[in-house]
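I opened a new page for this structure. My notes below follow the order in which I looked things up.

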Amino acid sequence: SATSLVEEAMLLANECTAQYLEHAHVAAAFRVHEQPSEQALYDAAALLRELNLIDKAQAKRICLADPFAMQKVLAAVKDTAEEYFVTSLLLKAQSKALYMPYNQGHFALGATAYCHFTSPIRRYPDVVVHRALKACLCGRPFVVSGVARQDQPARLAQICRMASEKERAAEGAARASQRIKMAQYYQQKIGEKSMATVTSCERFGVFVMLDASYAQALIPMKLLGEEWFDFDEPHMMLRSQSGDCTLRPGVRVCVQVHSVQVSQGKIDVALVCD
């Protein structure tokens, strides 16, 4: 599609800019995504293998930190019930992307160098990259305004660190506001039934994604019905003692909106048994 072509062009522009700055030995605000830990990758691959979402060969490639293997898995589950779970699992296994004044590559994109450059400029690191690039093209050193030459490296590192911190804060605020708005919406829908997909299981209940809105909701243990459920932590699933019901990521369930706490952005639903 046209959108995909534009996105690919933007990614290529970001990579080319970062490579140009690195080859010119110019410090800027590189977007760095380090390789995940071996244990995190092993745990993620083992769970995906247990759920029959990948085969042995794919699991081995994921354990070897092959970003293209992960992209292939994500493409395979796109638009399926398992998409949210697999995406979340692989994201949790990876380290957080951040800004650094020097290049260390971008693991998730499989890029040797990456930065945020493309227009429209949406972040301060984009501005830093544009200024560094302009200085390089003009044949002069890139300097942060109002900072002594000997303090330039420390100041640029501080800018990158602050940009990373503010980005995480903004993402957290966005998620919190979305949860609150969803809770407000479902405050008027107490008692309504909806189909949902299990996204994760915990000792205290089951998280589901509601079909109609993609909102996240929780089925607390007390709302799973009369039967007792045991938590199988290695396989991230809940099993009823009778063995008639197993809840794990990707399973489709019918739920009923039970209660809402708007200030906490919390939606509790009850499992509806046939």
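In which sense do β3 and strand β9 pair, and over how many bridges? I found them antiparallel, over 5 bridges, with β3 covering residues 193-202 and β9 covering residues 252-261. Strands pair here if DSSP finds at least two bridges between them. One of the partners I noted is Val253 in β9, which bridges to Ala196.

Before going on I wrote down the ground rules. This is a predicted model, in which local features need pLDDT of at least 70 and side-chain atom pairs count only at pLDDT 80 or more, while totals for chains, interfaces and linings use all residues. Residues are numbered from 1 along each chain as its sequence is written, and side-chain values use heavy atoms, leaving out hydrogens and water.

Next I looked up the whole protein. I listed 7 helices and 10 strands; these are DSSP runs numbered from the N terminus, helices being H or I with at least four residues and strands E with at least two. The C-alpha atoms fill a box of roughly 75 × 45 × 40 Å along the principal axes. Of the 274 residues, 40% are buried, meaning under 20% relative accessible area with a 1.4 Å probe, protein chains only. Taking contacts (heavy atoms within 4.5 Å) with a separation of 6 or more, I noted that 59% are between residues 24 or more positions apart.

I went back to β3. It also pairs with strand β4 (residues 205-210), antiparallel over 6 bridges, and the two form a hairpin with 2 residues between them. Val198 stands opposite Val208 in β4. Because 7 of its 10 residues are buried, β3 is largely enclosed by the rest of the structure.

Then I turned to two helices. Helix α2 (residues 38-50) and helix α3 (residues 56-63) pack at about 165°, their axes 8 Å apart; the axes are lines fitted to C-alpha atoms over the stretch in contact, and angles run from 0 to 180 degrees between N-to-C directions. That angle makes α2 roughly antiparallel to α3, a term for angles over 145 degrees. From α2, Leu41, Tyr42, Ala45, Leu48 and Arg49 meet Lys56, Ala59, Ile62 and Cys63 of α3.

Last, I checked Ser240 in strand β7 (residues 237-240).

Technical notes. Buried means under 20% relative accessible area, exposed over 50%, partly exposed in between (1.4 Å probe, protein chains only). Angles under 35 degrees count as roughly parallel, over 145 as roughly antiparallel, 65 to 115 as roughly perpendicular and the rest as oblique.
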